[in-house]
Amino acid sequence: MAVLVLNYDYQPIHITTWRRAIILVLKQKAEVVEARSDRRLRTVRTEYAFPSIIRLMRYVPVPYKHIPLTRQNIFRRDGFRCAYCGTSHNLTIDHVIPRSQGGESSWENLVTACESCNRQKGNRTPQQAGMPLLIRPRKPHYLLFWLRGAEEVDTSWRPYLMLEARV
Ligand SMILES: [Zn+2]
C-alpha cells in the first residue's frame, strides 16, 4: 500500500511505502493527512490508522519538473476515460473550447473524449452542446506520471495530484 507524501506546503513530492510513512509519523517528521478507514495497524499499546497521505513537518525544496503536453499525457491525466461520458473506448483528444472559437491547445482546454462524444460535440463548447464535462481539466502534477496507470491512483490522492504545478 503506497502513501502519498506532501511537502509542508501540501504540494505532493513523493510516493512511499506505508512502513516508511509510519516511521516518519512516529518520529514526528510527518503527520497523517488522510488515513484509510478500512485498515488499522495494531501494536501492543495502541492502534493506528493506515495513512494514505502524510505531510512533512518541514519544507523540503524540490526542483520543478516539466510534463510535456502530449496526447498520451492528456489520456493519462484523465484516467483513459472520456471526459463527457466516462467510457474508455475509442479515445480521441477534444478541444473544450473549439479551435474555431479561439480555443487553445493547453492542459486546461484539452480533454480525453471518445469518438462519438467528440463527433456529437462538434465545433461547440460543452455548454453549447449541452454536454457537461465530468472533470475539470488542469495541469497534472508530475507524480501522477510516476504511477503506471490511473487505476493505481488512490482516490484520496487525486485532489492533490491534480493541483496546478508551480511555474
Ligand atoms: Zn464519450
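Q: Is Cys85 buried or exposed, or something in between?
A: Cys85 counts as partly exposed, because its relative accessibility is 45%. Buried means under 20% relative accessible area, exposed means over 50%, and partly exposed lies in between, with a 1.4 Å probe and protein chains only.

Q: What should I know about the origin of these values?
A: This is a predicted model, in which local features need pLDDT of at least 70 and side-chain atom pairs count only at pLDDT 80 or more, while totals for chains, interfaces and linings use all residues. Residues are numbered from 1 along each chain as its sequence is written, and side-chain values use heavy atoms, with hydrogens and water left out.

Q: Which residues coordinate the zinc ion?
A: The SG atoms of Cys82, Cys85, Cys114 and Cys117 coordinate the zinc ion, at 2.2 to 2.4 Å. Donors are N, O and S atoms within 2.8 Å of the metal (3.2 Å for Na, K and Ca); water is not among the atoms, so sites may look incomplete.

Q: What is the geometry of that site?
A: The site of the zinc ion is tetrahedral, with angles of 101 to 116° among its four donor atoms. Four donors count as tetrahedral if all angles lie between 85 and 135 degrees.

Q: And how are the donor residues spaced in sequence?
A: The spacing of the donor residues is C-x2-C-x28-C-x2-C. Cys85 lies in the loop between helix 2 (71–77) and strand 5 (91–95), and Cys114 lies in strand 6 (residues 110–114), so the pair ties together parts that are 29 residues apart in sequence. Helices (H or I, at least four residues) and strands (E, at least two) are DSSP runs, numbered from the N terminus.

Q: Are Cys114 and Cys117 buried or exposed?
A: Cys114 counts as buried at 5% relative accessibility, and Cys117 is buried with a relative accessible area of 6%.

Q: How many disulfides are there?
A: The structure holds zero disulfides, a disulfide being a pair of cysteine sulfur atoms within 2.5 Å.

Q: Turning to charged pairs, how many salt bridges are counted?
A: The count is four salt bridges, where a side-chain nitrogen of Lys or Arg must be within 4 Å of a carboxyl oxygen of Asp or Glu. One of them joins Arg77 to Asp78, with the closest N and O atoms 2.7 Å apart. Arg77 is buried at 1% relative accessibility, and Asp78 is buried at 9%.

Q: Which residue does Asp94 pair with?
A: Asp94 meets Lys121 in a salt bridge at 3.0 Å, N to O. This pair links distant parts of the chain, with Asp94 in strand 5 and Lys121 in helix 3 (residues 115–121), 27 residues apart. Both residues are buried.

Q: What about Arg119?
A: Arg119 forms a salt bridge with Glu115, and the closest N and O atoms are 3.9 Å apart. Both residues lie in helix 3, four residues apart, about one turn of the helix. Arg119 is exposed at 61% relative accessible area, whereas Glu115 is partly exposed at 42%.

Q: Finally, where is Arg36 found?
A: Arg36 is found in strand 3 (residues 30–42) and counts as buried at 16% relative accessibility.

Notes:
Four donors count as tetrahedral if all angles lie between 85 and 135 degrees; four count as square planar and six as octahedral if opposite donors are over 155 degrees apart and all others between 65 and 115; anything else is irregular.
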